[in-house]
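Work through these exercises with the structure in view. Try each task before reading its solution.

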Amino acid sequence: RDDDDINDVASMAGVNLNEESARILATNSDLVGTQMQSCKDEPFLAAVPLHKRILETAKKLGITDVPAEVVTFISHATQSRLRTVIEKVTVITQHRMESYKDDEWYEQATDVRSQLKFFEQLERLEKQRKDEQEREILLKAAKSRSRQEDPEQARLKQKAKEMQQQELAQMRQRDANLTALAAIGPRKKRKLDAPGLLTIGGEGVGLCGGSQAGLGTGSPRQYPRQKITRVNLRDFIFYMEQEREMSHSLLLYRALLK
């Protein structure tokens, strides 16, 4: 034996530490390196208002006493139900936000957004044409020199005068804006990537230099922007339509009327 084996008490007692460690890891692998601790059971909803609401409903059914355990169970059931609803609506929202433009297995058949823009442009051109026709009629009415004017002619002249005054006011306002912009000078863009300044959630946060974690020197750290899933009313309506308990509920019909 070597000197290490002679001085090792475990070896002298006939205990193989490697075998014992392997046996412990094989039998209690889930418990090694972990620490179990009991947590306090905290209800999801406020206990006092919930207990009062349950008592009001129970009195209608002839029940006068509701133990505290019932309040706890209902609070946990509400938390579980709300978690399920949020998870399902989140999945619906993510499916709605998926884009298949770059997918090679899909091809675009119709583009509703471009069609709507085309119709909006047509409406804008039609409105512009009508405004031009009305402007020509008003200008002709303003230039007319007939001695006997009917009330309709007088109304057109007054409207033409108001239109000219409005156009003059718009021209003055535009000239004033241009003069103000020329006096201010070219606007400088704000540098968001300046050293010592981080942009988190749209707000600039200054960093201290010196010995405080060395954040004041060097290039600024780029924090990844957290992806936000925005759920709208249409997603909730789709979820309620798919649920058997809510597909014919009054809440669904109220949501459809909004």
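Predicted model: local features only at pLDDT ≥ 70, side-chain atom pairs only at ≥ 80, totals over all residues.

**Exercise 1. Find how far apart K127 and D131 are in helix α6, then describe the pair.**

Step 1: check the atoms. The closest N and O atoms of K127 and D131 are 3.3 Å apart. A salt bridge needs such a nitrogen and oxygen within 4 Å. K127 and D131 therefore form a salt bridge.
Step 2: classify each partner. K127 has a relative accessible area of 53%, so K127 is exposed. D131 is at 36%, so D131 counts as partly exposed.

**Exercise 2. Determine which residue forms a salt bridge with R135, and where the two partners lie.**

Solution. Step 1: name the partner. R135 pairs with E167, and their closest N and O atoms are 2.9 Å apart.
Step 1: locate both. E167 is in helix α7 (residues 151-184), while R135 is in helix α6. They are 32 residues apart, and the pair links distant parts of the chain.
Step 2: E167 has 27%, so E167 is partly exposed. R135 has 31%, so R135 is partly exposed as well.

**Exercise 3. Describe the salt bridge between R129 and E126.**

Solution. Step 1: take the distance. The closest N and O atoms of R129 and E126 are 2.3 Å apart.
Step 1: find the positions. Both residues lie in helix α6, with a spacing of 3 residues, about one turn of the helix.
Step 2: classify each partner. R129 is partly exposed because its relative accessibility is 40%. E126 is partly exposed because its value is 33%.
Step 3: The structure holds 6 salt bridges.

**Exercise 4. Identify the nonpolar surface patch that includes L125.**

Solution. Step 1: list the members. The patch is formed by F118, F119, L122 and L125.
Step 1: give its area. Together these residues have about 400 Å² of accessible area.
Step 2: look at one member. L125 is found in helix α6 (residues 112-143). Its relative accessibility is 47%, so L125 counts as partly exposed.

**Exercise 5. Find the residues of the largest nonpolar core and the elements that supply them.**

Solution. Step 1: name the residues. The core has 9: V85, V89, I92, I237, Y239, M240, M246, L252 and A255.
Step 1: trace the elements. Two or more core residues come from each of α5 (68-97), α8 (233-242) and α9 (250-257).
Step 2: Beyond its neighbours within four places in sequence, V89 is in contact with V231, D235, F236 and Y239.
Step 3: In soluble globular proteins, nonpolar side chains tend to be buried together.

Definitions and conventions
Residues numbered from 1 in each chain as written. Heavy atoms only, no water. Patch = residues over 30% accessible without salt bridge, like charges linked within 9 Å, V, L, I, M, F, W, Y side chains within 5 Å. Areas by Shrake-Rupley, 256 points an atom, 1.4 Å probe, with all protein chains shown as cover. Salt bridge = Lys/Arg side-chain N within 4 Å of Asp/Glu carboxyl O. Helix = DSSP H or I, 4+ residues; strand = E, 2+ residues; numbered from the N terminus. Buried < 20%, exposed > 50% of the residue type's maximum accessible area, 1.4 Å probe, protein only. Core = buried A, V, L, I, M, F, W, Y, C linked by side-chain atoms within 4.5 Å. Contact = heavy atoms within 4.5 Å.
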